[in-house]
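Here is a short briefing on a predicted model. Please look at the structure first, then read the points by topic.

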Amino acid sequence: MTRTTAPAPAETAGPPGPAPSSGGARRRWWTLAVISTAQLMVILDATIVNIALPAAQRDLGFSDGNRQWVVTGYALAFGSLLLLGGRIADLFGRRATFLVGLLGFAGASALGGAAGSFELLVGARALQGLFGALLAPAALSLLTVTFTDGKERAKAFGVFGAIAGAGGAIGLLLGGVLTEHLSWRWTLYVNLGFAAVAFVGGLLLLQRTPRDRSARLDVPGMVLVSVGLFDLVYGFSNAESHSWNSPSTWGFLVGGALLLAAFAWWQTRAAHPLLPLRVLLDRTRGASFLAVLIVGAGMFGVFLFLTYYLQLTLGYSPIRTGLAFLPMVGALMVTATLSTGVLVPRFGPKPVVPLGMGITAAGLVWLTGLGLHSDYPAHLLPPLIAVGLGIGLMIAPAMNLAVSGVAAADAGVASATVNTMQQIGGSIGTALLNTLAASAAHHYLAGRDPRDPAVLARAGLESYATAYWWSAGFFAVGLVASALLYRRGRVVEDANAAPVVHF
């Protein structure tokens, strides 16, 4: 008995491509290298600047209260404009959108690196987010339409998913090296190298994609979703520096939720919807979008609080902090490739993704036992490897299945939805975990002497442990949700038909 997990054949990935050849295969794998380079640049930019912030603050003289806007400016533009960027890629050509995104991102990075004031730096970060919103969905949709053979596609998404999951940790390492040996400005200038390689490769390797001249941009939908996502990201980001009771926090969150509800209603009535609901309503894709959201929420919290622990509690340098994450990155890359290339094709996503959620949750619970003088090999390395193994099992299959079976005309917006889920998840997770961690530290200090360094150090441990417990809770919820939503059976990819689950 078979049962499809994607829309009817009218909405599949398009006509079959040419017969595979060694030359064509080499071109596709070089194309993957180009796309992955661009994706790595976008992903690591979410964390590479974090380590450089203290140095940038000393140089430009901005306050602790304003420091968050260097990160938030990027997240606001990136998260709120992703769906628009995905639809632009569908309407005006993915290759052109990819190349424009690269040039714009490089230009904004150069502007930020040369910034002589706080305002210019934040403006440059917002421009990075804008062009990243063009670049990221174009990259993923190009990957979707380049690899149509099932086995090749699984390997390609294994590599791409590993980069998406590991990019944050790589950003921490690279940011530490550049800040310590050069200057904080090089955490932005380094993007010029990534962009140059990807741009030249894109010109040489990427195939032109036709523009759909009959389609129109859904302007009301664009306004509703962009402003709604902006409000949502701003509200959660604002919670880091204001209380949840502040009107500037809950007001934006409520406003964002209402605008997104209005957007969903409008998509059922628009002649040319920005995000056709057929992209979301497939059960397998819905489960995959949810998995990406949860991974984003928990993963960025892990990077943030482990960075605090390593530098502030154990006294690691920025470079040593980045190196400490490498075993996690290695484990993630192994299971990302294994899950898409072997496990999901053989067993289907239902056992694999929940298993990844469970392993990650267990690794995070393990991290709650870290102390003031924990030894890296004995106490930190094992849970880090467990977290990496779990995230790799989740992220690559979820990103693959989230764009499987969509019409070629919807590939860009489906890819943008994946990136939106990861970005919104990261914003929600970071803000929520920061607030909960700060509250835990405050409660610990109640009735104790806050001037005692030992008391402050233990308050920090309490805050980190709280963040790990809540992150584990996110993944536990993800385990249950993915186990319920994914269908049983293995997924069979075919270039001419939607993915099929065999029971």
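Tyr74 is buried, at a relative accessible area of 2%. Its partner is Phe78, and the two rings form a stacked pair. The model is predicted.

**Aromatic pairs**

- The structure contains four aromatic pairs.
- In the pair of Tyr74 and Phe78, the ring centres lie 5.6 Å apart and the planes meet at 25 degrees, so the pair is stacked. The cut-off for stacking is under 30 degrees.
- Tyr74 and Phe78 are about one helical turn apart, because they lie four residues from each other in helix α3 (residues 64-92).
- Phe78 also counts as buried, with 5% relative accessibility.
- Trp265 and Trp266 make a tilted pair: their ring centres are 6.3 Å apart and their planes stand at 50 degrees.
- Trp266 is partly exposed, at 25% relative accessible area.

**Charges over rings**

- Arg320 places its charged end over the ring of Tyr316, 3.9 Å from the ring centre.

**Nonpolar core**

- In soluble globular proteins, nonpolar side chains tend to be buried together.
- The largest nonpolar core here holds 128 residues. Phe98, Leu102 and Leu306 have the most contacts inside this core.
- Helix α11 (residues 283-313) gives the largest share of the core, 15 residues.
- What does Leu306 touch, leaving out residues up to four places away in sequence? Its contacts are Phe325, Leu367, Leu370, Leu380, Leu384 and Tyr468.

**Two loop residues**

- Leu370 sits in the loop between α14 (349-367) and α15 (376-402).
- Is Leu370 buried or exposed? Leu370 counts as buried, at 10% relative accessibility.
- Beyond residues up to four places away in sequence, Leu370 touches Leu306, Tyr309, His379, Leu380 and Leu461.
- Leu380 is ten residues from Leu370 in sequence, and their C-alpha atoms are 7.4 Å apart.
- Thr47 lies in the loop between α1 (22-44) and α2 (48-60).
- Thr47 is buried too, with a relative accessible area of 4%.
- Thr47 and Leu304 are 257 residues apart along the chain, yet 8.7 Å separates their C-alpha atoms.

**Packing of α13 and α15**

- Two packed helices are described by the angle between their axes and the distance between the axes.
- Helix α13 (residues 326-347) packs on α15 at an angle of about 35 degrees, and the axes are 7 Å apart.
- The two helices, α13 and α15, cross in a right-handed sense.
- On the α13 side, the contact includes Pro327, Met328, Ala331, Leu332 and Thr335. On the α15 side, it includes Tyr376, Leu381, Leu384, Gly388 and Gly392.
- Leu384 of α15 takes part in this contact, and Leu384 is also one of the residues touched by Leu306.

**Whole protein**

- The secondary structure consists of 17 helices and three strands.
- The protein has 503 residues, and 56% of them count as buried.
- Of the contacts between residues at least 6 apart in sequence, 83% join residues at least 24 apart.

Notes:
Residues are numbered from 1 along each chain as its sequence is written. This is a predicted model: local features need pLDDT of at least 70, side-chain atom pairs count only at pLDDT 80 or more; totals for chains, interfaces and linings use all residues. Side-chain values use heavy atoms; hydrogens and water are left out. Rings of Phe, Tyr and Trp (its six-membered ring) pair if their centres lie within 6.5 Å; planes under 30 degrees apart count as stacked, over 60 as edge-to-face and the rest as tilted. Buried means under 20% relative accessible area, exposed over 50%, partly exposed in between (1.4 Å probe, protein chains only). A charge sits over a ring if NZ of Lys or CZ of Arg is within 6 Å of the ring centre and within 35 degrees of the ring normal. A nonpolar core is a set of buried Ala, Val, Leu, Ile, Met, Phe, Trp, Tyr and Cys residues joined through side-chain atoms within 4.5 Å. Contact means heavy atoms within 4.5 Å. Axes are lines fitted to C-alpha atoms, for helices over the stretch in contact, and angles run from 0 to 180 degrees between N-to-C directions. A crossing is left-handed if the near helix is turned anticlockwise from the far one by less than a right angle, and right-handed if clockwise.
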